[in-house]
Amino acid sequence: MRSIPFSNLRVQQEHLGTSIQSAVSDVINSGWYLLGNKLAVFEKQFALYNGNNYCAGVASGTDAITLSLLALGILPGDEVITTDITAYPTITGIVNAQATPVPVDIDSTTGLIDPSKIEESITQKTKALVVVHLYGQCCDMNTITTLCKKHALFLIEDCAQAAGALYYGKKAGTFGNCSAFSFYPTKNLGALGDAGAVVTDSADLYTKITELRNYGQKNRYIHDSHGINSRLDEIQASILSVKLPYLDTWNKRRNEIALQYRNRLTSVQCLKQEPYNYNNYHLFIIRHKQRDLLSKYLADNGIQTLIHYPVPVHRQKAFPYTVDKQFTNAVDFADTILSLPLYPELSDSDVDYIISVVNSFESREAC
Ligand SMILES: Cc1ncc(COP(=O)(O)O)c(C=O)c1O
């Protein structure tokens, strides 16, 4: 029987291993490991790739969200609206800035925040909106930027899953005041450890973030604000510079595989493909009422699947805030979704195999 893991970073490492080892050796031999030339080079490359004026490398995507909020002047107790279906670190990033996260229900056809439900959650205390381009599909940014302007809210894009994704041909991360990226190893652009970045077009926000990531240090040993330690180190920056030129090719391959899934899966429901989006297919989600049985069936046939995410934000034990709203879509969504393996290194025959096994699942009752 075949065995198809949910992700497989070893193949990518085999392909790029020599270049990565040489980049890492350069850093080791340079004797300079933090806030040096490799970071400066990667920051320039990523800002250019994404179409932003500035990029500040930080230690993780979670910190990128926190630092964005702090740089924007969000204060303890300010409310920050976000989505009920996301990786919990979106919430961690908000809570670490001492703000109060306010989740909003999703559009069940995409799993993304439902823009029509945002306004009812806005209060006097609402200061910002963190939208999450989940699974590599952009939120409806025209509607969302209009809402933010109307209510004078800061906009932060959580682009942890959206490197290279496009909305009407424009990169994810170019719509907000600040945008947060994660380079966690399994992301479309992944480091070999933790790493993240904030991109912005504002020189002031960029300067503020570079201070806040370095204990609020303005000049050597001079601290104007209370920051954190969140630096993207030279080794990870050099690795990201090796990988960045491949990102578009990898995303293209992800799209080829996604198209196969979309065209040939017969017994499950796929998420809606919005015509304005070019997804980076960080994840490929299917829905089925008998999700747990399907997942077991796939596992019995050697195919590993995961659930992104099994528990909506408002139902997580860590989420200590009371919400007197219904999250009907999020709850149903979390109960019926399943993520299939999708990564550039997946072979055509693996894709054929996955499709044939999913299609052979006994129950035909799609959501
Ligand atoms: C949507 C989303 N936001 C934030 C994060 C946090 O990124 P990191 O793991 O780099 O802190 C992740 C990563 O898991 C994510 O998927």
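# Briefing: helix α7 and selected residues

At 1% relative accessibility, Cys-139 counts as buried (buried is under 20% relative accessible area, exposed over 50%, partly exposed in between, with a 1.4 Å probe and protein chains only). The model is predicted, so local features need pLDDT of at least 70 and side-chain atom pairs count only at pLDDT 80 or more, while totals for chains, interfaces and linings use all residues. Residues are numbered from 1 along each chain as its sequence is written, and side-chain values use heavy atoms, with hydrogens and water left out. Helices (H or I, at least four residues) and strands (E, at least two) are DSSP runs, numbered from the N terminus.

**Surroundings of Cys-139**

- Cys-139 lies in the loop between β4 (126-132) and α5 (141-150).
- Not counting residues up to four places away in sequence, Cys-139 touches Leu-112, Ile-113, Val-131, Val-132, His-133, Ile-144 and Tyr-167 (contact means heavy atoms within 4.5 Å).
- The C-alpha atoms of Cys-139 and Asp-114 are 8.8 Å apart in space, and the two residues are 25 residues apart in sequence.

- The buried residues are Glu-234, Gln-236, Ala-237, Ser-238, Ile-239, Leu-240, Ser-241, Val-242 and Lys-243.
- These buried residues of α7 pack against α1, α2 (37-50) and α8 (247-264).
- At the start of α7, the backbone nitrogen of Ile-235 has a side-chain oxygen of Asp-233 within 2.9 Å.

**Packing of α7 with α1**

- Helix α1 (residues 9-30) packs against helix α7 (residues 234-243) at an angle of about 140°, with the axes 9 Å apart (axes are lines fitted to C-alpha atoms, for helices over the stretch in contact, and angles run from 0 to 180 degrees between N-to-C directions).
- α1 and α7 are therefore oblique to each other (angles under 35 degrees count as roughly parallel, over 145 as roughly antiparallel, 65 to 115 as roughly perpendicular and the rest as oblique).
- The crossing of α1 and α7 is right-handed (the near helix is turned clockwise from the far one by less than a right angle; anticlockwise is left-handed).
- On the α1 side, the contact is made by Gln-12, Leu-16, Ser-19, Ile-20, Ala-23, Val-24, Val-27 and Ile-28; on the α7 side, Glu-234, Ile-235, Ser-238, Ile-239, Val-242 and Lys-243 take part.
- By class, the contact of α1 with α7 has nine nonpolar, three polar and two charged residues (Ala, Val, Leu, Ile, Met, Phe, Trp, Tyr, Cys and Pro count as nonpolar, Asp, Glu, Lys and Arg as charged, and the others, Gly among them, as polar).

**Packing of α7 with α2**

- The axes of α2 and α7 cross at roughly 40° and come within 8 Å.
- α2 and α7 are therefore oblique to each other.
- The crossing of α2 with α7 is left-handed.
- α2 contributes Asn-37, Lys-38, Leu-39, Val-41, Phe-42 and Gln-45 to the contact, and α7 contributes Glu-234, Ala-237, Ser-238, Leu-240 and Ser-241.
- The residues of the contact of α2 with α7 divide into five nonpolar, four polar and two charged.

- Ser-339 is found in strand β15 (residues 337-340) and counts as buried at 1% relative accessibility.
- The side chains of Ser-339 and His-308 make a polar contact (2.7 Å); a polar contact is a pair of N or O atoms within 3.5 Å where, within protein, one must be able to donate a hydrogen and the other to accept it, and residues adjacent in sequence count only if both atoms are side-chain atoms.
- Leaving aside neighbours within four places in sequence, Ser-339 is in contact with Phe-6, Phe-284, Ile-285, Thr-305, Leu-306, Ile-307 and His-308.
- His-308 is joined to Tyr-309 by a cis peptide bond, with omega about 15°.
- Tyr-309 is found in the loop between α9 (291-300) and α10 (328-336).
- The buried residues of α10 are Ala-330, Val-331, Phe-333, Ala-334 and Thr-336, and what covers them includes β14, α9 and β15.

**Positive phi at two tyrosines**

- Phi of Tyr-215 is near 55°, a positive value in a residue other than glycine.
- Tyr-215 is found in the loop between α6 (203-212) and β10 (217-219) and is partly exposed, with a relative accessible area of 37%.
- Phi of Tyr-281 is near 45°, also positive in a residue other than glycine.
- Tyr-281 is in the loop between β13 (277-278) and β14 (284-287) and is buried, with a relative accessible area of 6%.
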